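Q: Could you walk me through this structure? I am new to it.

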Amino acid sequence: MNAVKAEQAQAVNGAGEVIEIIHGEVKPSNLNALRVRGGNRLKGEIKISGAKNAALKHMCAALLTDQPMEFTNMPVGLGDVRTLAELLDYLGMSVALRSDGVAMLHAKEIKTTIAPYDLVRKMRASVLVLGPLLARCGQADISMPGGCAIGTRPVDLHLKGFEAMGANIELDGGYIKARAPRGLKGAHITFPFVSVGATENIMMAATLAEGITVLSNAAREPEIIDQGNALIAMGAKIEGLGTSEIRIEGVKSLNGITHSCIPDRIETGTYMCAVGLAGGEVRLKNTRLDFLSSLVGPLTGAGMEIKQDGDDVFVYRNGNHLQGIDIMTEPFPGFPTDLQAQFMAMMTMCKGAGMVTETIFENRFMHVPELCRMGANITIQGNSAIVRGVDKLKGAEVMATDLRASVALVLAGLVAEGETIVNRIYHLERGYENIVEKLTGVGADIERVSER
Ligand code: EPZ
């Protein structure tokens, strides 16, 4: 492998403290594509990383306290975690990401409440510094976030929530300018539809607001429960986690804690779909099936065997093709939108047909034309895609501009005849830690190459 091991980078932040951001394996910039040769069944073990979408929120929550915070089981190798670390460092937090999955974060002082375009544009989750900054400092200027190209993805629910809590919000020059000089006040906020990010952003801010905040029609994702549990350990008063009504009573200050991040259910589900497509038997280490009941139903219905075995999940498919099956994405506990592309890739070789309906994002079928270039038979009708199973896929040069669409193409490559080149793996590396090593470890033929 041509990867080079980078030195630990050390720097001094504005508060005069030494910070270290471990860059770990740095891939030479010309290795920006993956080559997959299809046909191998998968066998062995894959260690599941900590959940990206919980880890990012834990890191933002560290802005709420001047005490040191330590998180374990963090996916420190992910592009998104590194990007957020850079932003938090800029805001004045000392950030140490250790290669053993420990993140040590200390926002003793906030150096600036401005999150500039250059640091925010790469990742939509950056908007989650807004709630903590507003709660702790009474102000924040956040550049409007970017992220995956899966739809328009506004942040209006976040902003309306903060306004209901007494903040004054203006949009000016591409920035969200939020002010609450006399502090945030508790409010009853009813979301018109479920939003993961708005629930988290407002829940964080409400922990330090004056009085009681009630969030109705709140999101119930496991990552929100994990974040809420960490906040409770910090001294926050939160009830109703995992239900659609969350009640938060503000406190004066929060403490530092040590907390272990939950396993990544989307990474787990992705490798389950990989086994569903390629066949074989794989033990997914250190993960939880109870986060994935909406996926396990369709997978076992289609013909797979899946069981929790202690801290591991065992996944098996024999040589038979899976049955076509229908799914529809919904907020948790429904089928996750973040597994829709992988499930569709798996269905391309099913017996019969399956229908995949996307209800969360309006532009999340970008993998479809690319899968079709590999020989899949998929027709889009509105927000549904009908996948008619084919006997074989053929390797091709493909590309995707969103994280989950990219991984779906990698999965298709695992069974396609010949060679599949997946270009622009930047997005993949935002959300899948060591994917090449993990898939190689279970027998896949996959390597990093330079884009042609
Ligand atoms: C989170 O995004 C995840 N990201 C996404 O993961 C995931 O797809 C999504 O939740 C849904 O499960 C992180 O946790 C960092 P939302 P988020 O607010 O919070 C609309 C991945 O691949 N909306 O629940 O941004 C929005 O456009 C990804 O890891 C508004 O209209 O999602 C979408 O259609 C990408 N106004 C729907 O709601 C708002 O103010 C749900 O979005 C907020 C959202």
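This is a predicted model: local features need pLDDT of at least 70, side-chain atom pairs count only at pLDDT 80 or more; totals for chains, interfaces and linings use all residues.

A: Residues are numbered from 1 along each chain as its sequence is written, and side-chain values use heavy atoms, with hydrogens and water left out.

Q: How many helices and strands does the protein chain have?
A: The protein chain contains 14 helices and 28 strands; helices (H or I, at least four residues) and strands (E, at least two) are DSSP runs, numbered from the N terminus.

Q: How much of the protein chain is buried?
A: Of its 452 residues, 57% are buried, meaning under 20% relative accessible area, with exposed over 50% and partly exposed in between (1.4 Å probe, protein chains only).

Q: What does the C-alpha trace span along its principal axes?
A: The trace of the protein chain spans about 65 × 45 × 45 Å.

Q: Now helix H4. Why is it described as largely enclosed?
A: Helix H4 (residues 130-137) is largely enclosed by the rest of the structure because six of its eight residues are buried. These are Leu130, Gly131, Pro132, Leu133, Leu134 and Ala135.

Q: What do the buried residues of H4 pack against?
A: Their partners include helix H1 (52-61), helix H2 (79-91) and strand S11 (139-143), where contact means heavy atoms within 4.5 Å.

Q: And what comes just after H4?
A: Gly138 follows, with a positive phi of about 80°.
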